[in-house]
Amino acid sequence: MSISLLFAVILTSGVRFKSFWRAAIYLPNVISAVALATMWLQFVFQQKYGLINGFFKAIGAESLAKINWLSSDMKFWAMLIAFCFGSVGYYMLIFLSGIERIPEEYYEAATIDGASKWKQFTNVTMPLLKGVFKTNLTFWSINTVMFFVWSKMFSPLTSEESTITPVVYMYNTVFGTTGVSNRDAGKGAAVGVTLAIIVVLIFVVMNFIIKDEEVEY
């Protein structure tokens with residue numbers, strides 16, 4: 001979310017080729033999650049010929065080049081990095097639309113008053129993005145709860161402990177998994193209801209903390 005906000009601020013700061021950079025950052029969202037996960041598994045995190053370890057070898061960091069990103073200890077972090085790469089552009093566009101709706105007169109007045117770029121960001125941009133933050137956090141909670149495809153791609157045969165998310169746990173409970181024939185539809189339904197309640201609670205808390213009437217244009 002922080003990276004998305006950073007990109008949105010940079011793209012609205014007058015950077016050249018704005019349309020190109022916006023399309024480039026959003027491009028991973030157009031690609032299928034299956035194809036994107038396969039790219040990370042085969043071309044980025046592959047231990048011998050992967051892009052990351054190849055980069056570490058090129059700069060002489062041999063100890064880092066020996067990291068097995070797809071081992072049980074590192075797989076969750078590898079999956080998290082890949083997921084964030086594919087999600088940044090989506091939230092960036094939402095932040096971008098919110099920043100572009102802020103009148104330019106506010107920034108001009110702040111500049112005349114001697115406010116630095118950082119002061120303008122903290123005292124003008126951030127307060128006027130409260131509603132956008134609420135929207136992004138709500139979408140984020142839904143996307144993380146529904147974290148299924150990435151987990152199954154990084155652990156396709158048997159669900160490893162490091163890749164079991166709540167939805168994967170619910171799926172395995174209802175339909176079973178490799179070597180596990182016990183199925184419990186009631187327990188799986190309880191997990192699903194709990195996840196739905198969590199999303200609703202996050203939405204309620206966001207509405208309570210971030211109130212639209214506090215925003216003044």
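Modeller: Happy to! Let us begin with Leu 5, which is buried because its relative accessible area is 10%, under the 20% cut-off for that class. Please keep in mind as we go that this is a predicted model.

Leu 5 belongs to helix 1, which covers residues 2-11. Who are its partners from farther along the sequence? Leaving aside residues up to four places away in sequence, Leu 5 touches Phe 95, Phe 121, Met 126, Leu 129 and Phe 133.

A second residue to look at is Ser 87, found in helix 6 (residues 75-100). Ser 87 has a relative accessibility of 13%, so it too counts as buried. Its side chain has a polar atom 2.9 Å from the backbone oxygen of Phe 83.

Now turn to a pair of helices. Helix 9 runs over residues 130-145 and helix 12 over residues 185-209; the two pack at an angle of about 170°, and their axes are 10 Å apart. Since angles over 145 degrees count as roughly antiparallel, that is how helix 9 and helix 12 are described relative to each other. On the helix 9 side, the contact is made by Lys 134, Leu 137, Thr 138, Ser 141, Ile 142 and Val 145. Helix 12 brings Leu 195, Val 199, Ile 202, Phe 203, Met 206 and Asn 207 to this contact.

Finally, step back to the whole chain. How many helices and strands does it have? There are 12 helices and 0 strands. With a radius of gyration of 21 Å, well over the 17 Å that the globule rule gives for 217 residues, the chain is more spread out than a compact globule. Along its principal axes, the C-alpha trace spans about 70 × 50 × 30 Å. Of the 217 residues, 33% are buried, and Leu 5 and Ser 87 are among the buried ones. As for contacts between residues at least 6 apart in sequence, 61% join residues at least 24 apart.

Note on methods. Residues are numbered from 1 along each chain as its sequence is written. This is a predicted model: local features need pLDDT of at least 70, side-chain atom pairs count only at pLDDT 80 or more; totals for chains, interfaces and linings use all residues. Side-chain values use heavy atoms; hydrogens and water are left out. Axes are lines fitted to C-alpha atoms, for helices over the stretch in contact, and angles run from 0 to 180 degrees between N-to-C directions. Helices (H or I, at least four residues) and strands (E, at least two) are DSSP runs, numbered from the N terminus. Angles under 35 degrees count as roughly parallel, over 145 as roughly antiparallel, 65 to 115 as roughly perpendicular and the rest as oblique. Contact means heavy atoms within 4.5 Å. Buried means under 20% relative accessible area, exposed over 50%, partly exposed in between (1.4 Å probe, protein chains only). A polar contact is a pair of N or O atoms within 3.5 Å; within protein, one must be able to donate a hydrogen and the other to accept it, and residues adjacent in sequence count only if both atoms are side-chain atoms. The radius of gyration is taken over C-alpha atoms; the globule rule is 2.2 Å times the number of residues to the power 0.38.
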